[in-house]
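Here is a short briefing on a single protein chain. Look at the structure first, then work through the points below.

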Amino acid sequence: MHHDHILILDFGSQVTQLIARRVREQGVYCEIWPFNDAAEDRIKNYNPKAIILSGGPCSVTDEDSPRAPECIFEMSVPILGICYGQQTMVTQLGGKVEGGHHREFGRAEINVTKNCSLFGTTWTEGSTPTVWMSHGDRVTNIPEGFEIVATSKGAPCAIIANEDKKFYGIQFHPEVMHTQNGSDIIRNFVIDIAGCAGDWTMGTYREEAIEKIRAQVGDEKVICGLSGGVDSSVAAVLIHEAIGDQLTCIYVDTGMMRKGESDQVVNLFRDHYNIPLIHEDASDLFLGKLTGVDDPEQKRKIIGNTFIDVFDDCASRIGGAQWLAQGTLYPDVIESVSFTGGPSVTIKSHHNVGGLPEKMNLKILEPLRELFKDEVRLLGKELGLHDDFVSRHPFPGPGLAVRCPGEITREKLDILREADAVYLDAIREEGLYNEIWQAFAVLLPVRTVGVMGDGRTYDYACALRAVTSTDGMTADFYPFEMDFLSRVATRIINEVRGINRVTYDITSKPPGTIEWE
């Protein structure tokens, strides 16, 4: 580890990943560990410059509720406890936490009663910033050496500080965007209090990752499955920069990609980067196996299993490969070792070509496993990938199959491809593409009556979807102007043969999902 780094101990908060993102925005590397997977030796070997305790769903008043490792309070490093993190720190250091008082959920106003190193120049005595609270319990008695530096209506100890030991506890969540100056508070902690240099950038990550790949792989061969998306593409370019022609990429064309996407992938890797590439057009095979299938889970399984078979066949033509490269990201890693001891999310096999390592007896190479999605995009730019490519919206592993409810046919996919292309083109022309997390068209499995010219039509209905999000875990529909939606609908109906009706999906996540299947 060549840089200062922070350790985040996770107690199960839904927004722990946001803490890490805010820390890394300051140019400081950090890792998230489940609280119960943090043995004393492991923590000391990691040698963090500071430790952050996350929030969580439990109550410290419950029997057997989670606790931080006692050793961290004797390591002479700064500690920041957030929400539950504050409460367990207080309890473990001799203070008291109680339930049954006034609860606070959502926005709340705190009163800064004293200046504090955690505030820097962000807040001063008398400030009344708005923060995001989410608690039922509250601190009622602070440990020896602490003082109260901010209060709120529902939390008389909203912020407490032990300046001598550099221990700080806050009842609210500075990591969420609803907290005023929340990122500044985290910056004050990791830069000013912990003394981190803030020198962790994608430029340095690139150099170190290349060294690491060369050390791992040596003179052995690597194969990488390209999905056409950002993650696998950035991984492939990074690996190629490290080991050159020891890498061969495999792009399996399922017939369910967006318009022009296969040509873009082939041109980028084979022509522009001169990376050895096998382009396997298996669209007939995939569509044949999907004939008559309309259950979404069955479609996913067919696509995933067929992908593995085709990929395996392509890999056998290369011969001698000992590594399989994947575009696994840090959220995948975090979710697979959640604090409850089991995976919180099942990663679909067709997305990260799961099942292949066991079948092919390959070692796994995951050069992006320490990065969040936004960091991968920055790394892609660092590697010279065009901004239009690295800023592309996420695309599901099964492709257009999950945007075509019901049975899939080549005709329906062609119609959907055209509608999707028109929709995204209109969004780009309006200058809205980068404001939207994900936008796409869905071809509905119903036909409707329409009138075009003097004739009757009986064609498909199309739904448009656009959402804003930070991580895809929750999402809100994008509030397009009605004039824009009207113009897009007119373009689709005029330019795409087979669609005579357009709707807009205004469902948020939850209760809906971003994709339709």
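How are helix 5 and helix 12 oriented to each other: roughly parallel or roughly perpendicular? The axes of helix 5 (residues 202-217) and helix 12 cross at roughly 75 degrees. Angles of 65 to 115 degrees count as roughly perpendicular, so helix 5 and helix 12 are roughly perpendicular to each other. Keep in mind that this is a predicted model.

**Confidence**
- The average pLDDT of the chain is 88.
- A pLDDT of at least 70 is reached by 93% of the residues.
- Residues 339-354 stay under 50 in pLDDT. The model has 31 contacts beyond four places in sequence for residues 339-354.

**Helix 5 with helix 12**
- The two axes come within 9 Å.
- Helix 5 contributes Met-202, Gly-203, Tyr-205 and Arg-206 to the contact.
- Helix 12 contributes Glu-375, Leu-378, Leu-379 and Glu-382.
- This contact of helix 5 with helix 12 has four nonpolar residues, one polar and three charged.

**Helix 6 with helix 12**
- Helix 6 (residues 230-243) packs against helix 12 (residues 373-382) at an angle of about 45 degrees. Their axes are 10 Å apart.
- That angle makes helix 6 oblique to helix 12.
- The crossing of helix 6 past helix 12 is left-handed.
- From helix 6, the contact uses Val-230, Asp-231, Val-234 and Leu-238.
- From helix 12, it uses Lys-373, Val-376, Arg-377, Leu-379 and Gly-380.
- The residues in this contact of helix 6 with helix 12 are five nonpolar, one polar and three charged.

**Helix 14 with helix 15**
- Helix 14 (residues 410-429) and helix 15 (residues 482-495) pack at about 145 degrees. Their axes lie 10 Å apart.
- Helix 14 passes helix 15 in a right-handed crossing.
- On the helix 14 side, the contact is made by Ala-419, Val-422, Tyr-423, Asp-425, Ala-426, Ile-427 and Glu-429.
- On the helix 15 side, it is made by Phe-484, Val-488, Arg-491, Ile-492 and Glu-495.
- The contact of helix 14 with helix 15 has eight nonpolar residues, four charged and no polar ones.

**Phe-477**
- Phe-477 sits in strand 19 (residues 476-477).
- Is Phe-477 buried, exposed or partly exposed? Its relative accessibility is 31%, so Phe-477 counts as partly exposed.
- Beyond four places in sequence, Phe-477 contacts several residues, among them Arg-465, Val-467, Tyr-504 and Ile-506.
- Phe-477 and Ser-127 are 350 residues apart in sequence. Their C-alpha atoms are 34 Å apart in space.

Definitions and conventions: Residues numbered from 1 in each chain as written. Predicted model: local features only at pLDDT ≥ 70, side-chain atom pairs only at ≥ 80, totals over all residues. Heavy atoms only, no water. pLDDT = per-residue confidence, 0-100. Contact = heavy atoms within 4.5 Å. Helix = DSSP H or I, 4+ residues; strand = E, 2+ residues; numbered from the N terminus. Buried < 20%, exposed > 50% of the residue type's maximum accessible area, 1.4 Å probe, protein only. Axes fitted to C-alpha atoms, helices over the stretch in contact; angles between N-to-C directions. Parallel < 35°, antiparallel > 145°, perpendicular 65-115°, else oblique. Left-handed = near helix turned anticlockwise from the far one by under 90°. Nonpolar A, V, L, I, M, F, W, Y, C, P; charged D, E, K, R; others polar.
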